[in-house]
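Please keep the model open beside you as you read.

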Amino acid sequence: MSRRRVALLRERMRHLELDAFIVSSLPCIRYLTGFSGTSGLCVVRKRDAFFLTDSRYALQSKTEVKGYKRIIVSNGLYEELARHKLLRGCGAVGFDSNTVTYTQYRTLRKLVHEGSFVPTNDIVESIALIKENEEVDLIRAAVRISDLVFDDVIRSLKPGVTELDIAAEICYLHKKYGAEKDAFEPIVASGERGSLPHARATGKRIRNGELVTLDFGCTVRGYNSDITRTVAVGKATAQARKIYNVVLNAQSDAINAAKAGMWAKDLDAVARGRITREGYGKYFNHSLGHGLGIQVHERPRVSSLSKEKLTARSVITIEPGVYIPGMGGVRIEDDVLLTAGGCEVLNTAPKEFMIV
């Protein structure tokens with residue numbers, strides 16, 4: 001296990017006066033232990049830590065999980081937590097209320113009769129906010145793969161090809177270049193469907209003269225990339241070019257302004273202000289970006305509603321967009337590493353207006 005990460009978790013436990021902490025989120029478990037399977041639970045106490053999984057992962061967890069007392073369960077994870085009395089003597093036990101379901105909580109209350117359970121939010125995520133050098137390197141690797149995928153997949157964009165064809169190509173190319181999986185289901189939105197920020201790829205055939213928005217990412221050893229580019233197929237209207245330049249300039253403004261120490265809502269305002277001044281403010285209907293790392297969407301949220309300051313060594317996305325019903329949309333997204341004096345754009349995929 002990363003001794004630094006667990007030490008920081010224990011420091012937060014001391015601040016909250018917790019005797020133990022239950023980690024149930026798989027990305028957070030991977031962050032703390034290195035375990036990459038799909039069934040696991042961690043219990044971190046003041047002086048020791050336990051990792052529970054089922055027999056499918058007995059060999060895998062032996063290789064991946066170090067520094068924890070491993071327990072291979074034959075029943076449910078929470079039932080085994082109780083059977084092994086892992087919370088014995090613990091007065092206050094923290095858990096993440098965002099990931100422990102009500103059913104799991106009821107199971108704990110039924111099986112564990114001592115101590116009290118304390119709901120918390122984003123305890124492990126707050127540690128993961130600041131990236132270690134190795135974490136940044138893994139994000140860079142994932143970004144590099146997605147940049148390569150973009151360079152390849154645009155060669156397949158042509159009239160008559162379906163959105164699903166392009167999505168399948170993205171998935172194939174990610175693994176071809178060494179990713180373990182897609183970070184999320186690729187978004188391919190052509191023509192009028194580009195006005196849907198999170199459109200799922202369909203059997204719609206791409207037509208000449210349409211804009212196509214591609215939003216995708218991959219995972220490398222648990223760390224994610226997230227890139228969006230919008231390109232024109234065959235030809236482009238004057239309106240499409242204008243909107244593209246508005247979005248590109250808004251993104252450039254935000255990238256130039258981004259730095260550790262500023263309020264996240266102020267960074268959102270930089271891009272939103274440019275788009276609003278150009279007359280498209282009502283068509284920018286989502287936040288400017290989000291944190292990126294062990295999860296595709298993690299802290300900080302870069303939005304007008306955010307109450308967080310940006311932190312050095314965090315990675316965020318900067319992804320303004322304009323979405324016009326009946327016409328389509330444009331989004332441009334890069335992953336950036338925040339520093340005290342600014343930010344480093346990790347993506348290298350081209351952003352100039354492109355007709356393929």
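Two strands count as paired if DSSP finds at least two bridges between them. Helices (H or I, at least four residues) and strands (E, at least two) are DSSP runs, numbered from the N terminus.

In this predicted model, an open sheet is formed by 3 strands in the order β7-β10-β11, with antiparallel pairing. Aspartate 182 sits opposite cysteine 218 in β10.

Helix α7 (residues 133-153) packs on this sheet and touches β10 and β11, where contact means heavy atoms within 4.5 Å. The direction of α7 makes about 140° with that of β10; axes are lines fitted to C-alpha atoms, for helices over the stretch in contact, and angles run from 0 to 180 degrees between N-to-C directions.

## A helix pair

Now to helix α9 (residues 238-257) and helix α10 (residues 264-277), which pack at an angle of about 155° with their axes 8 Å apart. That angle makes α9 roughly antiparallel to α10 (over 145 degrees; under 35 is roughly parallel, 65 to 115 roughly perpendicular and the rest oblique).

From α9, the contact draws on Val246, Asn249, Ala250, Asp253, Ala254 and Ala257, and from α10 on Leu267, Val270, Ala271, Arg274 and Ile275.

## How to read the values

Residues are numbered from 1 along each chain as its sequence is written, and side-chain values use heavy atoms, leaving out hydrogens and water. Local features need pLDDT of at least 70 and side-chain atom pairs count only at pLDDT 80 or more, while totals for chains, interfaces and linings use all residues.
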